[in-house]
Amino acid sequence: MKSRINLVLGDITEMAVDAIVNAANSSLQGGGGVDGAIHRAAGPELAIYCRNLGGCKTGYAKLTPGFRLPTRAIIHTVGPVWRGGDHGEDEQLASCYRESLRVAMENQLETIAFPAISTGIYGFPADRAARIAIHEICDFVAAHERPKSVTLVAYDHASLRQLQSAFDER
């Protein structure tokens, strides 16, 4: 099961996989961080396409084409804003990973790459988010044949160490 999970340092917009996950905002219209980078790299067609999706609720996921990215599809998921940990943030974040993986499986997407969801401007503690990500991905991969490969993309060495630590604990 763990052999189907990869941890890498890199830029999610450069991942040549079937789908990348976007840490989106609820409007799906682009923003800062990963969301902004994905929208810029995908081109203006992505924002136009997203206008017709009606947004997305926290913990859910929606699929779009990859447009100018080296990926076939983008799975947009809206992570929780950190409010101290007593407002269901852990479950909402876990749902982001489960829902994104479900969308990938239902659309026969064999390879998927995730950024760290909610750890930027949304303020979710990165070490806690890494443990949730690893837990949800490991459980999903153990129970399903697809996706065949899941990559977690860390944007810096500290994030990669947090993912590796969570992965080693599993």
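Q: What makes the crossing of α4 and α5 right-handed?
A: A crossing is right-handed if the near helix is turned clockwise from the far one by less than a right angle, and left-handed if anticlockwise. The crossing of α4 and α5 is of the right-handed kind. Please keep in mind that this is a predicted model, where local features need pLDDT of at least 70, side-chain atom pairs count only at pLDDT 80 or more, and totals for chains, interfaces and linings use all residues. Residues are numbered from 1 along each chain as its sequence is written, and side-chain values use heavy atoms, with hydrogens and water left out.

Q: Why are α4 and α5 called oblique to each other?
A: Helix α4 (residues 126-143) and helix α5 (residues 157-169) pack at about 45°, their axes 8 Å apart. Angles under 35 degrees count as roughly parallel, over 145 as roughly antiparallel, 65 to 115 as roughly perpendicular and the rest as oblique. The two helices are therefore oblique. Helices here are DSSP runs (H or I, at least four residues), and strands are E runs of at least two.

Q: Which residues of α4 and α5 meet?
A: Ala126, Asp127, Ala130, Arg131 and Ile134 in α4 meet Gln162, Leu163, Ala166, Phe167 and Glu169 in α5 (contact means heavy atoms within 4.5 Å).

Q: What makes tyrosine 49 and phenylalanine 67 an aromatic pair, and of which kind?
A: Rings of Phe, Tyr and Trp (its six-membered ring) pair if their centres lie within 6.5 Å; planes under 30 degrees apart count as stacked, over 60 as edge-to-face and the rest as tilted. Here the centres are 5.9 Å apart with 65° between the planes, which is edge-to-face. Tyrosine 49 lies in helix α2 and phenylalanine 67 in the loop between β3 and β4, so the pair ties together parts 18 residues apart in sequence.

Q: Why is the pair of tryptophan 82 and phenylalanine 124 given its name?
A: Their ring centres are 4.9 Å apart and their planes stand at 65°, so this pair is edge-to-face.

Q: How do you know whether tryptophan 82 and phenylalanine 124 are buried or exposed?
A: Buried means under 20% relative accessible area, exposed over 50%, and partly exposed in between (1.4 Å probe, protein chains only). Tryptophan 82, at 22%, is therefore partly exposed, whereas phenylalanine 124, at 2%, is buried.

Q: What about isoleucine 74: buried or exposed?
A: Isoleucine 74 is found in strand β4. Its relative accessible area is 0%, so isoleucine 74 is buried. Leaving aside neighbours within four places in sequence, its contacts include Ile20, Leu46 and Leu69.

Conventions. Axes are lines fitted to C-alpha atoms, for helices over the stretch in contact, and angles run from 0 to 180 degrees between N-to-C directions.
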